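The following note sets out points for a colleague who is reading the model alongside its sequence.

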Amino acid sequence: MVTLNDSSNVIWHGWRQVASVATLALLLVCQSAMARQQMPQSPDILFGPLFDAVQRAQLFSDQKTFADAVAKRSPQLIIRDWKKQKTKQGFDLKTFVLANFTLPETHSAYVPPKDQNLREHIDGLWSELTRSAQKAGQYDSLLPIPKPYVVPGGRFCEVYYWDSYFTMLGLAESGHWSLIKNMLDNFAWELDQYGLIPNGNRSYYLSRSQPPFFSLMVSLYAKHQGDQVYVDYLGQLQTEYDYWMAGAQQLAKGQANKRVVKLADGTLLNRYWDARDVPRPESWLADIKTASQVPAKDKPALYRELRSGAASGWDYSSRWFRDPQDLSTIEVTHIIPVDLNSLLYHLEQVLAKGYQLKGDKQLAVHYRQLAKTRAKAINTYLYNRKQGWYSDYDWTTGQVRQQLTAATLFPLFFNLATNNHANATAKAVSSQLVHPGGLATTTVETGQQWDAPNGWAPLQWIAVVGLTNYDHPELAKRIAMGFLKNVQATYDSEHKLVEKYVVEGRKLGGGGGGEYPLQDGFGWTNGVTLMLLDKYCPAKQTCDSVHDVPQAVE
C-alpha cells in the first residue's frame, strides 16, 4: 500500500470505509487466523543449549544438516540425557547425536542418460527434483504440505518460495500443469495455515517470507486455466497482502513496523524483516562469527538484519551493507527495496482484478488505486535521478542508495517504469552490468554470492522481459544469449545445471562465494533456461548460436 503526500489520508480512510463494509468478512478472516495451529518450533528452540553445542562443534560440514535432523524421541529426554552424559569421561558428542537423531537423507547426484541435449536434460530433471512431504516426524523441522512439489536441488531439499515461480515457468514450458497446480495449492495452504508463505517449508523459516511471487504464480496458472483462478485464490492473495502490510495502521510518519515503513510525508512502502533476532539455525555458527565483530548489545539487531537479508533472497549482497566488504554492516531493515515494492505493486493489481471478477467493484477500485500510488512512489523515491537508474531507498537517512544492482530492472518487468526512467536504466545496465556470460548481480566483488561476478537465472529473466517491455530487444537478447551460452558451456563440460554462474571475466561457468558450496540441480536455472530457449530458439532442441555470441553492447 503506497500513499503520497496529502493523498495518504484519503486512501487510508478509504481503506477503512471499505473495511467497514466488509466487517463480516474481516471477522471471518480473524476467526480463521485464530484457528490456525500454533507455529511449529524451530530446532534451536526445541533443543536450546544442545543445538548450540552441536553447531559450535562443527560436527557436520554443513550446519543445515543438524537443523534438518529428526529427533528419535522427545527433546526434553534428549536434553536431559545430554546434560547427564556430557561431563562423563569418554563422552563423544557426535556419537550421542547419531544415537538420538536421524540425519537428513542425502540424494545422490543425478547422472543423465548419454547424449541428452540441454532441453532433454531439463525435462528429465523435473521428476528427479519432485518431492512429497504430506507427513513429517513429530520433531522434524520439515513442515508437511499436502501435495508434491519441486525443490531447487543440492542441499535444498524443501520447497523455496521465490525459487518456485521460476521453476514453475519451466514446468509450464514442459507441460507439467498439474504439478504447477499442486505447488500453487501448497502455497495457498501455507497462507491458510500460517498466515504467510515461509522462506521454505522448514520450521526455522516460519519467522520470515521471501520475495512475494505468489500473485505471479496465480497469474501464470490463470493464463492456462482462465480468469476464475484469480477468484479461486483471492482469499490467499488477500492473506499475502495482509501479511506484508501488517502494522500499517499503527504507524506514525517516519516509523517502521515489521515489513511496513511510513515515510515523513505519509507514503507507505515495504521492507524485508524477520520476526526473530537470533542466529539462523541453518547457518548458526556463520552468524555467530559475523556477530563477533560487533558489541554484545548490538548482536540481536545484527542477527535480525542477517535474517532479513535471507528474507530478501539476496543472501548476501553488498546491496545491503554500509561497507561493501563487511557483512557485519548489513542493514536490510533500513532499506526500502525496489524489487520488493514492484512485486507488491503486482499483488495490488492482481487483487484489483480478483475483486473485479468477483463483482466487488469497491475493493477493485481500492486496490487499483493502491497500485497506482505505489507505482508513483517507486518512480519518486526508488529512482536515482543523479545516476539514472532504479535503486533502493534508505528510509532512515531519506536518501536513495547509489549502487546499481540487477534489481533495477524490476519496475521494467512490471511495466510501472516511466519511459525516460526505463531508457536511462537500460543504458546503465548495458554499460555496467552486461557481460559475456549474462547479467551480473552487482558491480562490486565482495566474495558474497549475490555480488559480481555472479549472475543468477531469475534476474536474467526479469531483465529480458523488462527490457523487451520497453523496446530494448537487442539488449534483452544479448543478456539472454550470453546466459544461455554460459549454461550450455557448463552443461557441455560438466553435464549439469547449477545454482548460479560467473558471468564476467575470463573463466565463465559455475559461480562461487557465499556460505555453502555451489549447488547442482537447479530449479530456477532449469526454468529460466527453458524460457530463454523457447523465446530465442523456438522449435529447436538447442540454441546453436550460444557458442558464438557477439560481445558488443548496445
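1. Helices are DSSP runs of H or I with at least four residues, strands are runs of E with at least two, and both are numbered from the N terminus. On that basis, Gln 58 falls in the loop between α3 (43-57) and α4 (64-67). The structure is a predicted model, and the remarks below should be read accordingly.

2. Two residues call for a check of the backbone. Gln 58 is not a glycine, yet its phi is positive, at about 55°. His 495, also not a glycine, has a positive phi of about 60°. The loop that holds His 495 runs between α20 (473-494) and β16 (500-502). His 495 is partly exposed because its relative accessible area is 45%, a value between the limits of 20% and 50%.

3. Cis peptide bonds also deserve attention. One joins Ala 452 and Pro 453, with omega at about 5°. Pro 453 belongs to the loop between β14 (438-439) and β15 (454-456). Another cis peptide bond links Gly 521 to Phe 522, and here omega is about -25°. Phe 522 is located in the loop between β17 (509-510) and α21 (523-536).

4. How many aromatic pairs does a search of the whole structure find? The search gives 36. Among them is the edge-to-face pair of Trp 189 and Tyr 194, with 6.0 Å from centre to centre and 90° between the planes. Trp 189 has 27% relative accessibility and therefore counts as partly exposed. Tyr 194 has a relative accessible area of 10%, so this residue is buried.

5. A further pair is formed by Trp 244 and Tyr 272, which is edge-to-face because the ring planes stand at 80°, with the centres 6.0 Å apart. Why does this pair tie together parts that are 28 residues apart in sequence? Trp 244 lies in helix α12 (residues 234-245), whereas Tyr 272 lies in the loop between β7 (268-270) and α13 (284-291). Both Trp 244 and Tyr 272 are buried.

6. Charged side chains are also found over aromatic rings. The charged end of Arg 259 is placed over the ring of Tyr 243, at 3.7 Å from the ring centre.

7. Two cavities of 30 Å³ or more are found in a search of the whole structure. Which residues lie nearest the centre of the largest cavity? They are Phe 156, Tyr 160, Gln 210, Asp 315 and Tyr 516, from a lining of 26 residues. The volume of the largest cavity is about 310 Å³. Its lining is made up of eleven nonpolar, seven polar and eight charged residues.

8. The second largest cavity holds about 60 Å³ of space. Its lining has three nonpolar, four polar and three charged residues. Among the lining residues are Arg 319, Asp 392, Arg 401 and Thr 408.

9. With a relative accessibility of 1%, Thr 408 counts as buried. Leaving out residues up to four places away in sequence, Thr 408 touches Val 338, Trp 389, Tyr 390, Thr 425 and Val 429. Of these contacts, Val 338 and Tyr 390 also line the second largest cavity. Thr 408 and Tyr 383 are 25 residues apart along the chain, and 8.8 Å separates their C-alpha atoms.

10. Is Asn 182 buried or exposed? Asn 182 has a relative accessible area of 18%, so the residue is buried, the cut-off being under 20%. Asn 182 is part of helix α9 (residues 177-194). Its contacts, not counting residues up to four places away in sequence, are Lys 147 and Pro 148.

11. Asn 415 occupies the loop between α17 and α18 (419-432). Its relative accessible area is 46%, and Asn 415 is therefore partly exposed. Apart from neighbours within four places in sequence, Asn 415 is in contact with Asn 469 and Tyr 470. The C-alpha atoms of Asn 415 and Leu 467 are separated by 9.9 Å, and these residues stand 52 places apart along the chain.

Methods:
Residues are numbered from 1 along each chain as its sequence is written. This is a predicted model: local features need pLDDT of at least 70, side-chain atom pairs count only at pLDDT 80 or more; totals for chains, interfaces and linings use all residues. Side-chain values use heavy atoms; hydrogens and water are left out. Rings of Phe, Tyr and Trp (its six-membered ring) pair if their centres lie within 6.5 Å; planes under 30 degrees apart count as stacked, over 60 as edge-to-face and the rest as tilted. Buried means under 20% relative accessible area, exposed over 50%, partly exposed in between (1.4 Å probe, protein chains only). A charge sits over a ring if NZ of Lys or CZ of Arg is within 6 Å of the ring centre and within 35 degrees of the ring normal. On a 1 Å grid over the protein atoms alone, a cavity is a set of points where a 1.4 Å probe fits but cannot get out, and a pocket is an open set with protein on both sides within 12 Å along at least five of seven lines; lining residues have an atom within 4 Å of a point. Grid points are joined across faces, edges and corners, and a volume is the space filled by probe spheres set on the points. Ala, Val, Leu, Ile, Met, Phe, Trp, Tyr, Cys and Pro count as nonpolar, Asp, Glu, Lys and Arg as charged, and the others, Gly among them, as polar. Contact means heavy atoms within 4.5 Å.
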